[in-house]
Every structure is written in structure tokens, then in C-alpha cells.
Amino acid sequence: MRRYGKHTDEDDIRQRPNRKGNRPRTNIRPKHEEAVEGMVLTVDRGRLTCLVEGTVVMAMKARELGRKAAVVGDRVAIIGDLSGQKDTLARIVRIEPRTSVLRRTADDDDPFERVVVANADQLAIVTALADPEPRPRLIDRCLVAAFDGGLTPLLVLTKSDLAQPDKLLELYGHLDIPHVVTSREELENGAAADRVREELDGKITAFVGHSGVGKTTLVNALVPEDRRRVTGHVNAVTGRGRHTTTSALALPLAGDAGWVIDTPGLRSFGLHHVDPSRVILAFPDLVPGTEGCPRACSHDEPDCALDQWVADGHADPARLYSLRRLLATRERTEGD
């Protein structure tokens with residue numbers, strides 16, 4: 001039998017003693033209205049380097065955020081010591097809503113997705129035309145991740161002095177993806193960076209690509225004041241490059257012209273997290289044709305209404321082929 005009512009005001013109720021002598025826990029969390037907004041530049045073993053009102057600040061994640069992790073590109077609310085002086089540490093108390101996310105899984109059987117970059121406007125997919133050979137399936141997977149995460153893709157093809165880009169460009173021509181073709185000489189004399197920079201103006205651009213394609217060399221040319229100038233070379237036996245970027249890093253372009261986010265070289269790009277129904281949003285000319293599709297249509301089955309939509313002349317057949325090729329990447333490995 002309960003001795004006291006649920007809402008009693010008697011002062012003789014026995015309370016459990018607090019042996020530690022500290023304040024009792026509460027579910028009320030502070031609003032941190034005094035917090036200042038910052039941008040995460042890089043993450044290293046639990047420490048986050050952030051840019052706060054022009055000052056580079058070292059911070060850590062507040063315990064109240066739980067398992068929610070901040071990644072490069074995140075807009076965060078920060079409190080504490082924001083001086084940026086040596087041995088000071090601020091605290092991230094809130095992660096603001098993201099406008100886009102670049103996500104991947106280790107492989108297609110891995111249910112745990114990893115957010116690589118947040119709030120980027122576009123994804124620059126850097127691919128060598130030779131040495132190492134291009135991997136179209138990996139490009140396809142990066143495109144799917146970009147479309148799924150709300151990023152605009154950009155193809156950057158390097159080493160055009162070793163092979164012609166026509167065949168690879170033809171494969172992606174019907175996707176209307178902007179592209180830049182560069183040679184090794186242009187990478188060295190800065191001409192490549194100048195042309196790529198035109199596509200980056202005013203945007204936050206994440207750069208991805210497997211090792212040895214010249215991604216980090218290009219990033220160093222775009223942001224020459226960056227101190228990470230060590231670039232890799234291609235292994236003569238495996239045909240793959242060494243990893244020279246070990247963590248994502250956001251770098252500002254000169255004149256506040258935008259941001260470049262360099263990411264580690266890719267070995268694989270799992271798409272377990274991708275909902276195929278979102279990929280078609282990157283094909284606005286095909287979206288109206290899906291109204292007649294059966295429920296949960298994969299857009300690659302006999303009853304798919306897109307076949308009739310294309311047959312009636314509403315869209316180019318090559319566009320439907322491109323969509324189905326991208327959707328099929330979840331069923332193939334990158335090396336296929």
C-alpha cells in the first residue's frame with residue numbers, strides 16, 4: 001500500500017541520500033543560448049578542429065550529444081574557451097541540421113553507414129584516365145551517393161596525356177554531369193587548378209577518388225598554403241596508389257571563394273544505406289513517368305511505367321539506361 005500520494009507536499013518524506021555530495025541528475029538540458037556557431041574542419045581521435053568567427057578552435061563533443069558524432073562540414077554550436085590559444089579546449093553542445101550528407105558503408109553487406117562529409121554543395125569525383133586505370137563502377141557508386149545525399153556531382157578526369165577521355169565521357173554523357181579534363185603537365189603548372197576552380201566558386205566541394213589519381217596534388221594546387229604536400233605514387237604491382245590523406249580536411253579557397261574538403265583515398269564505396277527510390281530524383285525528366293509504376297517499383301522490372309514513358313517520347317532512352325545502370329550498382333562490386 002502506498003504511504004504517500006503521487007503529489008505530496010509533506011516535508012517528512014525520506015529522500016535517498018546523495019553519497020557523492022553533488023547535485024541530483026535532471027532531464028532538463030541547458031539550451032546554451034550563448035553558444036557560437038562554428039564549422040568543423042577536421043576530426044582527429046575525438047578532437048575536432050573548428051573555425052569560429054575566423055579563429056581556429058580545438059573542441060570536443062559534449063557528453064549530452066550521446067553517440068551523435070560531428071563530421072567535417074558540420075555546423076556546430078560551441079561554448080567554452082574560443083580564443084584558439086594553445087592547450088585550450090572548447091565544447092560542442094549542438095550539431096545543426098544538415099543540408100546534405102555524403103555517406104558510405106564499408107561494403108554492401110555492412111548495415112552501419114558512415115557520414116563522410118556534411119553540408120557540401122557538390123562532389124568532385126577525381127579519376128585518372130590511366131595509371132591507375134579508371135574504375136567506372138566506383139564512379140557510378142559515388143554518383144549514387146551524391147544523388148542520394150543531395151550533392152551535385154562533378155567529374156574531374158586527370159592524366160589525359162596518357163589516355164583519351166572520350167570513351168569515359170560518353171558513358172556519362174546522358175547524365176549531364178559537368179566535367180573537367182586535365183593532364184599531368186597542367187597539374188604541375190597550375191592550369192588544371194585554374195579550370196577546376198571555376199567550378200568551385202562559392203561552393204563547398206568534397207573531393208573523392210581512389211589513391212594515385214592525383215586528388216591530393218590537385219587539392220594542394222587549389223589551396224597552395226596547405227602544408228600537406230606529400231603525395232603518393234602508384235604501386236607498380238597492384239596498380240593502386242598509396243593513401244596520402246588519412247582524414248577528411250576542409251580548406252578555404254583564396255578570397256572566400258568557397259571550400260575544398262579533401263577526403264581519404266577510396267578502396268570501396270558501399271551503398272547499403274541508399275534508398276533506390278531517392279536516386280531517381282536526380283532524373284527530373286523521368287520522375288513524372290513513375291506515377292504509373294507499381295508500389296515499391298525497382299524501375300527495372302516488366303511492369304515499370306518508365307518504359308512506356310520513354311516509348312511515348314517524354315525522355316531519352318539513354319537517360320533510362322543511365323538510371324538503371326546506377327541503380328544496379330548496389331548489386332555489383334566496384335571491380336565488376
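Helices here are DSSP runs of H or I with at least four residues, numbered from the N terminus. Keep in mind that this is a predicted model.

**Stop 1: a helix**

Select residues 136-149, which make up helix α1. Count along the helix: α1 has 14 residues. From its first C-alpha to its last, α1 reaches 20 Å, close to the 20 Å expected at 1.5 Å a residue. Now show the rest of the structure around the helix. Of the 14 residues of α1, 13 are buried, so the helix is largely enclosed by the rest of the structure. Then step to G150, which follows α1. The phi of G150 is positive, near 90 degrees.

**Stop 2: an aspartate in a loop**

Select D74. Find it in the loop between β3 (55-61) and β4 (75-80). Is D74 buried or exposed? D74 is buried, with a relative accessible area of 0%.

Show what lies around D74. Leaving aside neighbours within four places in sequence, D74 is in contact with G38, M39, V40, A69, I95, R98, A118 and N119. Pick V71 as well. The backbone nitrogen of V71 lies 2.8 Å from a polar atom of the D74 side chain. The side chains of D74 and R98 are also joined by a polar contact of 2.8 Å.

**Stop 3: charged pairs**

Side chains of opposite charge can pair when their charged atoms come close. How many salt bridges does a search of the whole structure find? The search finds 15.

R98 lies in the loop between β5 (90-95) and β6 (101-104), and D74 in the loop between β3 and β4, so the pair ties together parts that are 24 residues apart in sequence. R98 is partly exposed, with a relative accessible area of 32%.

Next, select R319 and D176. Their salt bridge has its closest N and O atoms 4.0 Å apart. R319 lies in helix α8 (residues 317-327) and D176 in the loop between α2 (166-172) and β10 (179-181), so this pair ties together parts that are 143 residues apart in sequence. R319 is buried, at 9% relative accessible area. D176 is exposed, at 62%.

Now try D44 and R45. Their side chains meet in a salt bridge of 3.2 Å, N to O. D44 is partly exposed, at 42% relative accessibility. R45 is exposed, at 77%.

For one more selection, take R137, D140 and R325. A network of salt bridges links them.

**Stop 4: three cysteines**

A disulfide is a covalent bond between the sulfur atoms of two cysteines. C297 is in no disulfide either; the nearest cysteine sulfur, that of C304, is 4.0 Å away. The disulfide count comes to 0.

Check the burial of each cysteine. C293 is buried, at 15% relative accessible area. C297 is buried too, at 13%. C304 is buried, at 5%.

Leaving aside neighbours within four places in sequence, C304 is in contact with C293, C297, H299 and R324. Last, draw a distance to G289. C304 and G289 are 15 residues apart in sequence and 9.2 Å apart in space, C-alpha to C-alpha.

Definitions and conventions:
Residues numbered from 1 in each chain as written. Predicted model: local features only at pLDDT ≥ 70, side-chain atom pairs only at ≥ 80, totals over all residues. Heavy atoms only, no water. Disulfide = S-S within 2.5 Å. Buried < 20%, exposed > 50% of the residue type's maximum accessible area, 1.4 Å probe, protein only. Contact = heavy atoms within 4.5 Å. Helix = DSSP H or I, 4+ residues; strand = E, 2+ residues; numbered from the N terminus. Polar contact = N/O pair within 3.5 Å; in protein donor to acceptor, adjacent residues only side chain to side chain. Expected span 1.5 Å × (residues − 1).
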